Amino acid sequence: MRIWVSATILAVVFAVSSAQAAQTYTPTSLTAQQVFAKARAARGHLKPGAYHSVYERTRGDSTTSIDVYEAPLGFMETEREGAFTWANGSYKGTNWSQDENGVVTLDSDFETVSNPFITALSRTPGENSGVRVLGVTTTQPACVVVQVAPRSGLVQQRYYDAKTFLLRRVVTTDYRNLPWTYDYGDYATQYGLTFAQTVTYSDSHPENTTVTRSKLFERIAPAAMHLAIPKTRPLFGLPSDAPVQIPAEFTPDGIIVRVTIQGRGLDFQLDSGAGNIVLDASVARQLGLSVIDVHKGTFSGDFSIGRSIAPDFAVGTLHAGNVAINTIPFERMVGDRKVVGLLGGDFFASQRVEVNFKQSALTIAPSSSVAPSGDWTAIPIEVDDMVPRAHAKFNAVDGAFIVDLGADDTMLYPHFFRQFKPNRAGDVMGQMVGIAGQGVDYRQYTFSRFDFGDLAFADATADVTSGTKFEEIDYDGLLGRNILANFNLVFDYAAGRLYVQPLIQ
């Protein structure tokens, strides 16, 4: 059995385990295009100007306040939950995000062009678009239901009030057959726009139920807002522009980095597939760290995830104070070392990180618009989810993959692999085990050609799992260390580049 620890576990979708209740409909002559047009008319149009809105989001005992400023130049949304603050926005056409540690990344907004549901809704509905009207519900309030089914395994049902055509509910099911629901209520009209003042997210886990309520919506003078992109706050302050070497052990099972929290040395795995810095929940309790907003996530099973702050966090000679982390049940053995955390997200995003497989060296340096010296190939990456998303080709078929140092092997998600027609089924090689401890069989395939940027290689191997437990909508798979260890790598999230240097020229 192989333990698969890639921290795409943190890019989770909260799951519903029970099937949606069967729904019956009466026929309607409306087309999807007509329903969408009526919905747009029902919402109206916000009058030009600058606006300030305030929302409150509750989940269990946790409360988050949300401030939004918007104007023709863009918007800024700031969320605060206890000691945690994060934000996102858009300014003069550039989208950005700032996480709980103050690290700012520029967003590519790749979902608008790659998310199957969004792309299906952006097209004119037609016979083969996967968008159709199911009918009018026989339950009250009566709703016209539009179904969006862009691919096998992906279904979204959108409920529009049959009288007002305001959106009442959206139920989405992903590849893992895990539906989640948003309900919209308490509609009001202000400044020409009709909007839901209450939005409820729900699934089968009561602790995940989230209610967002509008508290204030006002028109303000444009001069009262500041929408410019905030300055990033790197996780570590570097002593100079010179690279700093981080003590790391390069093993067949991953790159292990010693991290010190509250004076206690802990072994973490370097994981570019992790959107956050992660600590085992039991270790967090041992250290006396306060954990809030505990809820359920799912990745091959359910597990608990929470927020915490490490007052003192050190990697090698670098120190940081009050570092926001996530806590989950996480522990694995690498040789005789117990790994209890993942070093991802902020570690990669705040600086330029070089992973030198040839010399088994890990270094960190300030981000730069200048390519590293030497024979490097620059590959664009998108870091909207705080993980590097890059395009690669297997046998000339293009896909978008997470560049994942936490994955032992490269993985192709089933929806991507269906584009190939192998001569035979691959042999079952064993099981991959997710964070919740549940395993799934996987098979291994060899591809005659693999393209990464302008580099091409022969005979690349990749795993394909049975079922859909290891699959996500916005990615086609993971590029793991079986491929990545053939390169020296420089991650520069701020520049939106991954630089690669083949070890064999």
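Analyst: D408 has a relative accessible area of 13% and therefore counts as buried; buried means under 20%, exposed over 50% and partly exposed in between, with a 1.4 Å probe and protein chains only.

User: Which residue does D408 meet in a salt bridge?

Analyst: The side chain of D408 meets that of R481, at 2.6 Å from N to O. A salt bridge here is a side-chain nitrogen of Lys or Arg within 4 Å of a carboxyl oxygen of Asp or Glu. D408 lies in the loop between β30 (397-403) and β31 (411-412) and R481 in helix α7 (residues 481-484), so the pair ties together parts that are 73 residues apart in sequence. R481 is buried as well, at 7% relative accessibility.

User: Before we go on, what kind of model is this?

Analyst: It is a predicted model, in which local features need pLDDT of at least 70 and side-chain atom pairs count only at pLDDT 80 or more, while totals for chains, interfaces and linings use all residues. Residues are numbered from 1 along each chain as its sequence is written, and side-chain values use heavy atoms, with hydrogens and water left out.

User: How many salt bridges are there in the structure?

Analyst: The structure holds 15. One of them joins R352 and D492, at 2.9 Å from N to O. R352 lies in strand β26 (residues 352-356) and D492 in strand β36 (residues 487-492), so this pair ties together parts 140 residues apart in sequence. D492 is buried at 0% relative accessible area, and R352 is buried at 12%.

User: What about E249 and R337, buried or partly exposed?

Analyst: E249 is partly exposed at 35%, and R337 is partly exposed at 21%. Their closest N and O atoms are 2.0 Å apart in a salt bridge.

User: Which residues are linked in a network of salt bridges?

Analyst: R59, E81, E100, D293 and R307 are linked in such a network.

User: Changing topic, how many helices and strands does the chain have?

Analyst: There are 7 helices and 37 strands, taken as DSSP runs (H or I, at least four residues, for helices; E, at least two, for strands) numbered from the N terminus.

User: And where is F75?

Analyst: F75 is in strand β5 (residues 74-81) and is partly exposed, at 28% relative accessibility. Leaving aside residues up to four places away in sequence, F75 touches Y69, E70, N88, G89, S90 and L227, where contact means heavy atoms within 4.5 Å.
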